[in-house]
Amino acid sequence: MSLHIGSTGFFTVVGHSRRVHRIRSVASEGSATVKRVEEKVNLGGSDLKVATLGIGAWSWGDTTYWNNFDWNDRKEKAARDAFNVSVDGGVTFFDTAEVYGSGLALGAVNSEVLLGRFIKERKEKDPGVEIAVATKFAALPWRFGRQSVLSALKDSLCRLGLDSVDLYQLHWPGVWGNEGYIDGLGDAVEKGLVKAVGVSNYNEKRLREAFEKLKKRGIPLASNQVNYSLIYRAPEEKGVKAACDELGITLIAYSPIAQGVLTGKYTPNKPPSGPRGRIYTREFLTRLQPLLNRIAEVGKKYEKTSTQVSLNWLIAQGNVVPIPGAKTAEQAEEFKGALGWRLSDDEVAELRSLASEIGPVLGFPVENL
């Protein structure tokens with residue numbers, strides 16, 4: 001995810017070892033594809049257990065970065081189908097945010113509203129279904145102190161139609177400081193409004209500060225959600241991944257397939273449309289081809305798609321929960337195939353080496369705050 005501040009002043013959304021709880025997974029006959037994933041991990045040192053792979057809802061309702069600047073009933077149905085296919089397969093961890101699709105971000109329908117709607121409909125048919133919801137607080141410049149976090153959280157709960165959420169995160173570092181925001185996260189836990197708390201787009205220094213501040217209240221910092229993929233490895237290069245592993249904080253990886261670029265469907269002659277085309281240019285896609293070709297070759301060995309290989313590469317790093325964005329049922333079905341198998345260490349190293357030759361891709365500027 002990335003954020004731009006336009007000329008109007010609006011914020012526009014555009015851009016330790018973990019405990020594993022395996023229940024079972026069922027594979028289709030004659031295929032390595034996992035049909036139902038029932039494997040969960042603890043988020044950091046919290047008691048919250050989530051699926052080893054989640055679904056990001058950034059695109060739901062958005063008309064500024066995704067959906068070719070248009071949202072309609074057909075796209076809402078597609079998102080609903082993606083939600084249900086994910087849940088059917090045991091992928092029950094969904095990440096949203098108050099700014100996704102919101103009027104603040106010049107969107108059409110708030111992603112939280114859509115997710116809440118999908119959950120309500122599902123629970124009417126299947127009351128026993130368990131769905132883990134993560135959402136995020138927007139650290140806007142005019143928001144100050146711990147009470148702003150609680151107020152925003154209550155508004156999010158209203159849009160979601162829930163009494164509490166499983167994970168509440170600070171979406172990005174505050175411009176004027178973060179201590180009050182961290183206090184607000186702690187207050188939310190103590191008031192029973194959330195099960196676990198995390199941050200997002202925090203560099204190593206800020207991550208350690210947040211961890212220590214919450215630790216004094218006996219509250220674990222469960223996660224840090226950052227841009228992380230095979231072709232965007234800043235969390236490794238800037239010490240964030242190592243700090244997460246050291247402190248027992250789960251790294252949640254957004255844009256884990258580089259906003260679709262690692263699927264292999266884009267080429268120098270067919271770049272992505274909209275704002276993504278300014279990031280993943282024809283020149284960049286030309287440099288990317290050798291890596292994409294090798295990913296496809298590795299996929300054939302395992303009878304997996306390039307998307308599934310790219311997601312599995314992240315999972316193989318350990319202590320990482322990828323949250324690819326699913327806009328359709330087909331995408332949600334494909335994501336499940338990233339689970340239940342593992343790339344070899346040599347393959348992981350080879351893909352990293354090939355990716356290192358490509359050069360950097362644009363990230364989210366607030367990571368450097």
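Reader: Which residue meets the side chain of Lys-241 in a salt bridge?

Author: The model is predicted: local features need pLDDT of at least 70 and side-chain atom pairs count only at pLDDT 80 or more, whereas totals for chains, interfaces and linings use all residues. Residues are numbered from 1 along each chain as its sequence is written, and side-chain values use heavy atoms, leaving out hydrogens and water. A salt bridge requires a side-chain nitrogen of Lys or Arg within 4 Å of a carboxyl oxygen of Asp or Glu. With an N to O distance of 2.8 Å, the partner of Lys-241 is Asp-245.

Reader: Which helix holds both Lys-241 and Asp-245?

Author: Helices (H or I, at least four residues) and strands (E, at least two) are DSSP runs, numbered from the N terminus. Lys-241 and Asp-245 are 4 residues apart, which means a separation of about one helical turn. The helix that holds them spans residues 240-247 and is α7.

Reader: What is the relative accessible area of Lys-241?

Author: Buried means under 20% relative accessible area, exposed over 50%, and partly exposed in between (1.4 Å probe, protein chains only). Asp-245 is partly exposed at 27%. Lys-241, in contrast, is buried, and its relative accessible area is 8%.

Reader: How many residues apart in sequence are the parts that Arg-146 and Asp-187 tie together?

Author: Arg-146 and Asp-187 form a salt bridge whose closest N and O atoms are 2.7 Å apart. Arg-146 belongs to helix α3 (residues 145-160) and Asp-187 to helix α4 (residues 179-190), so the parts tied together are separated in sequence by 41 residues.

Reader: Which residues are linked with Arg-146 and Asp-187 in a network of salt bridges?

Author: The whole structure contains 28 salt bridges. In the network, Arg-146 and Asp-187 are joined by Asp-183, Glu-190, Lys-213 and Arg-217.

Reader: Which aromatic residue forms a pair with Trp-60?

Author: Rings of Phe, Tyr and Trp (its six-membered ring) pair if their centres lie within 6.5 Å; planes under 30 degrees apart count as stacked, over 60 as edge-to-face and the rest as tilted. The search of the whole structure finds 12 aromatic pairs. One of them is edge-to-face, 5.4 Å centre to centre with 65 degrees between the planes, and there the partner of Trp-60 is Phe-118.

Reader: Where do Trp-60 and Phe-118 lie, and how many residues apart in sequence are the parts they tie together?

Author: Both Trp-60 and Phe-118 are buried. Trp-60 lies in the loop between β6 (55-56) and α1 (73-88), and Phe-118 in helix α2 (residues 111-125), so the parts tied together are apart in sequence by 58 residues.

Reader: What is the angle between the planes of Phe-83 and Phe-94?

Author: Phe-83 is buried at 0% relative accessible area, and Phe-94 is also buried at 0%. Their pair is tilted, 4.8 Å centre to centre, and the angle between the planes is 35 degrees.

Reader: Which residues make the nonpolar surface patch of about 550 Å²?

Author: Patches are made of residues with over 30% relative accessible area and no salt bridge, like charges being joined within 9 Å and nonpolar side chains (Val, Leu, Ile, Met, Phe, Trp, Tyr) within 5 Å. Accessible areas come from the Shrake-Rupley method with a 1.4 Å probe; for residues, only the protein chains shown count as cover. Trp-142 is exposed, at 51% relative accessible area. The patch is made by Trp-142, Phe-144, Val-175 and Trp-176.
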